[in-house]
Amino acid sequence: MKGCSDKISVIVPVFNAEKTLEICVKSILAQTHKNIELILVDDGSSDGSLTIIENLQRKDNRIKYVHISNSGVSCARNTGIDLAEGDYISFADADDFMDVSMLQKLYDAIEREQADVSVCRYTSRNEYEKCKCTLVKKIEKSEMLQELMHPRNEMAAFVWNRLYRTSVIKNNGICFDNRIKVCEDTLFNFTVLQYSDTIVIVDEALYHYKINDCGAMFGRSFNSNKLSANRAYEIMLSKVDNKADREAVELACMLYNVILKLQIYKYRYHIKDSEKLKIKEMLRLNPRTFMLSDLNMKYKIAYLLLII
């Protein structure tokens, strides 16, 4: 009988994370679900991260680690997937931490409903959210796609607030696209969703996320990596097979490109003509749906100004 003996592989890419890594690792090792393997993938760190990893590994044999040349978070996660031996896979970022009950609650939900993926909410605050009870519910694939494209429930399209059945990932050859530097999580979850029969929601904030002001997505200057997201949207648009799902992806893509183009103007960033044409193409995917959507009016006004 499997049950509580099921192993969870937790994959953590590490790059120059010496200031936060120990807190992250301790929150994972302290999980109430004890049958875990923690896979730390050092992505060519130049600080003291590798030394911290080696010291932590000596104290707990549930830790595996591998050192690779700097290749980016997608490559690091793929390396972790290849090494994973657990029945389930979870991810974390080295500057975040988990509530001690996170994996147990995600595991209980996925087992109870015989689901392929379980998802919890997250918080960017440092405080633990007090919750008297945990609501667990199934969610339709179309609803989950809407949440991936238009996050409204503090679940969004990240990979670190989810538990995945390993067989869904490995049997279908699902991995992160190394060419995509922004929205790689969205594409990964979109692909997993296509091969999943049941998704379950744990309606509690169990993952504690630190917004990185220097990251590709939220950096306070223009980062050319943001241009790679359009490749993710192209792949998703090629795979949606009904009108409602296609409109959801189109709307997300158009909104992304509105914000992208505004940032290009703001930071006076020069892009190639081919990239300008791609943004223009994406902005014209479905103008009617965009203007009739419930998006904030400021984005609709910006859109009209950008396409003039």
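Tutor: Begin with D294, which counts as exposed because its relative accessibility is 59%. The general idea is a scale: buried means under 20% relative accessible area, exposed over 50%, and partly exposed in between, with a 1.4 Å probe and protein chains only. This is a predicted model, in which local features need pLDDT of at least 70, side-chain atom pairs count only at pLDDT 80 or more, and totals for chains, interfaces and linings use all residues. Residues are numbered from 1 along each chain as its sequence is written, and side-chain values use heavy atoms, with hydrogens and water left out.

Student: Which side chain meets D294 in a salt bridge?

Tutor: A salt bridge is a side-chain nitrogen of Lys or Arg within 4 Å of a carboxyl oxygen of Asp or Glu. Here the partner of D294 is R152, at 3.1 Å from N to O. D294 sits in the loop between α11 (287-292) and α12, while R152 sits in the loop between α5 (141-149) and β8 (162-165), so the two are 142 residues apart and the pair links distant parts of the chain. R152 counts as exposed, at 54% relative accessibility. The element names follow DSSP runs: helices are H or I with at least four residues, strands are E with at least two, and both are numbered from the N terminus.

Student: How many salt bridges does the structure hold?

Tutor: The structure holds 20 salt bridges. Another one joins the side chains of R77 and D93 at 3.3 Å, N to O. R77 is in helix α3 (residues 73-83) and D93 in the loop between β4 (88-91) and β5 (97-98), 16 residues apart. R77 is buried, with a relative accessible area of 2%, and D93 is buried at 18%.

Student: What about K105 and E204: how far apart are the parts that the pair ties together?

Tutor: The side chains of K105 and E204 form a salt bridge at 3.1 Å, N to O. K105 lies in helix α4 (residues 102-112) and E204 in strand β9 (residues 199-208), so the bridge ties together parts that are 99 residues apart in sequence. K105 is partly exposed, with a relative accessible area of 26%, whereas E204 counts as buried at 5% relative accessibility.

Student: How do I read the pairing of strands, and which strands pair with β8?

Tutor: Two strands pair if DSSP finds at least two bridges between them. β4 and β8 pair in the antiparallel sense over 3 bridges, and S90 has L163 in β8 as its bridge partner. Strand β6 (residues 117-123) also pairs with β8 in the antiparallel sense over 3 bridges; there, V119 has R162 as its bridge partner. Both faces of β8 are covered: R162 and Y164 on one side, and L163 and R165 on the other, are all buried.

Student: Where is H33, and what does its side chain reach?

Tutor: This feature is a polar contact, a pair of N or O atoms within 3.5 Å; within protein, one must be able to donate a hydrogen and the other to accept it, and residues adjacent in sequence count only if both atoms are side-chain atoms. H33 is found in the loop between α1 (21-29) and β2 (36-43). The side chain of H33 reaches the backbone oxygen of D6 at 2.9 Å. H33 counts as buried, at 2% relative accessibility.

Student: How many aromatic pairs are there?

Tutor: Rings of Phe, Tyr and Trp (its six-membered ring) pair if their centres lie within 6.5 Å; planes under 30 degrees apart count as stacked, over 60 as edge-to-face and the rest as tilted. The structure holds 16 aromatic pairs. One of them is F176 with F188, which is stacked, at 4.1 Å centre to centre and 5° between the planes. F176 is in the loop between α6 (166-171) and α7 (184-194), and F188 is in helix α7, 12 residues apart. F176 is buried, with a relative accessible area of 2%, and F188 is buried at 1%.

Student: Which residues form an aromatic cluster?

Tutor: Y122, F158, W160, Y207 and Y209 form one aromatic cluster.
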